[in-house]
Amino acid sequence: MGKVVGFEISSQEPEKAVAFYSKVFGWKVEEPKWDYRAISTEGTGINGGISKGPYDYPHGTRIQIEVEDIEEAISRAKDNGAMVVREKMDFDGFYLAYLVDPTGNGIGLIQKR
């Protein structure tokens, strides 16, 4: 079963978004890595990140769902009407793919190595 493990806020002004969320909610934001700023909510909820939104998702929020087998999850999602926005990408310690569900909501799939 997939579980929600994080969120990603896409913005065309990531520094402005960082300032807002850190000042309003007290979130701790790390320095950018891969143009992504990891966020710690300090045990009050799930952690996430802020990044400059890419051309295919310029602004909005995606939940990140951890799966055991990302290729199988992508296949099941496609069979049930999802569109793959970014195929499986390889990062340090995990794989990540971006999809849009049949109703237009963006999601990320993560598989730890």
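Colleague: Which residues does L99 touch, not counting residues up to four places away in sequence?

Modeller: In this predicted model, L99 touches I74, A77, A82, M83, V84, V85, N105, G106, I107 and L109 once residues up to four places away in sequence are set aside.

Colleague: Which residues make up the largest nonpolar core?

Modeller: A nonpolar core is read as a set of buried residues of nonpolar type, joined through side-chain atoms within 4.5 Å. Here the largest such core has 12 residues in all: I65, V67, I70, A73, I74, A77, A82, Y95, A97, L99, I107 and L109. Helix 2 (70–79), strand 7 (94–100) and strand 8 each supply at least two residues of this core. The largest share, four residues, comes from helix 2. Another core, of seven residues, lies apart from it, and its members include F7, I9, W27 and I50.

Colleague: Where is Q111 found, and is Q111 buried or exposed?

Modeller: Q111 is found in strand 8 (residues 106–112). A residue counts as buried when its relative accessible area is under 20%; Q111, at 17%, is therefore buried.

Colleague: Which backbone atom lies 2.8 Å from a polar atom of the side chain of Q111?

Modeller: The atom is the backbone nitrogen of I70. Beyond its neighbours within four places in sequence, Q111 is in contact with V67, E68, D69, I70, G93, F94 and Y95. Among these contacts of Q111 are V67, I70 and Y95, and V67, I70 and Y95 also belong to the largest nonpolar core.

Colleague: Why is strand 4 described as largely enclosed by the rest of the structure?

Modeller: Strand 4 (residues 48–52) is so described because four of its five residues are buried.

Colleague: With which residues is S11 in contact, leaving aside its neighbours within four places in sequence?

Modeller: S11 is in contact with A17, S51, K52, G53 and P58. S11 is found in strand 1 (residues 3–11), and its relative accessibility is 14%, so S11 counts as buried.

Definitions and conventions
Residues numbered from 1 in each chain as written. Predicted model: local features only at pLDDT ≥ 70, side-chain atom pairs only at ≥ 80, totals over all residues. Heavy atoms only, no water. Buried < 20%, exposed > 50% of the residue type's maximum accessible area, 1.4 Å probe, protein only. Contact = heavy atoms within 4.5 Å. Polar contact = N/O pair within 3.5 Å; in protein donor to acceptor, adjacent residues only side chain to side chain.
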